[in-house]
Amino acid sequence: MGKFKVLDHPLIQHKLSIIRNKDCGTREFREVVNEIAELMAYEVSRDMPLEDCVIETPIAKAKMKRLAGKKVVIVPILRAGLGMVDGILELIPAAKVGHVGMYRDEKTLKPVEYFVKMPDDLASREILIVDPMLATGGSSIMAVDALKKRGAVNIKFVCLVAAPEGVKALRQAHPDVDIFAAALDDHLNENGYIVPGLGDAGDRLFGTK
């Protein structure tokens, strides 16, 4: 079973309180979401493998460590996931970026895939799916489905705020996927919003209603 981890670093928790505030404006919301994503990337990348290398300092040759193994692909779930990409790229600038687009069918209320664009050879890459919210789990499950269908095997899901219902659904559907969240909130309300949550992350990131 993949792990579920709440990243309770003080800086993450402090910044999360800023964006939860209903009076946080679009510019500040966007900036702080990226800051949180960058801090989360530090923890999410903690188990990346290293290999030995020899470099020459200005003084002498030295045996050092460098990243080894799989290349990273950041995959935002459109559109709100875009708000986390730049923050992670600050820490992992060589990462590639794929995109998964979905919309909610008004009749079934289930997500429908409309766009997937990925780098080649997903099987040899470490995938970070990013979305500010893990609510019902429907979009996250479909995103993982889409990537696995294209060969991905090493997938992590990174979100800011998660509901217990979404965590349970994603873990049941994809028990091999690690989940990282900045907070585990209380529940979903009758409209499918996370409580206490932070509202509609897409609208708050892009200034739409």
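The legends below describe close-up views of a predicted model.

View 1. The unreviewed UniProt entry places the feature "binding site" at R79, R104, D131, P132, M133, L134, A135, T136, G137, G138, S139 and D200. From this set, the lining of the largest pocket takes in R79, R104, D131, M133, L134, A135, T136, G137, G138, S139 and D200.

View 2. When residues up to four places away in sequence are not counted, T136 touches E165, G166, A169 and L188. A polar atom of the T136 side chain lies 3.2 Å from the backbone nitrogen of G138.

**View 3. G137 in the loop between β9 and α4.** G137 is found in the loop between β9 and α4, and its relative accessible area is 3%, so G137 is classed as buried, a label used for values under 20%.

View 4. A152 belongs to the loop between α4 and β10 (154–162), and because its relative accessibility is 5%, A152 counts as buried. Leaving aside residues up to four places away in sequence, A152 touches L122, A123, I127 and L147. For A152 and I127, the separation is 25 residues in sequence and 7.5 Å in space, taken from C-alpha to C-alpha.

Methods:
Residues numbered from 1 in each chain as written. Predicted model: local features only at pLDDT ≥ 70, side-chain atom pairs only at ≥ 80, totals over all residues. Heavy atoms only, no water. UniProt positions renumbered as here; feature names shortened; annotations may be inferred. 1 Å grid on protein atoms, 1.4 Å probe; cavity = no way out; pocket = protein on both sides within 12 Å on 5 of 7 lines; lining within 4 Å. Contact = heavy atoms within 4.5 Å. Polar contact = N/O pair within 3.5 Å; in protein donor to acceptor, adjacent residues only side chain to side chain. Helix = DSSP H or I, 4+ residues; strand = E, 2+ residues; numbered from the N terminus. Buried < 20%, exposed > 50% of the residue type's maximum accessible area, 1.4 Å probe, protein only.
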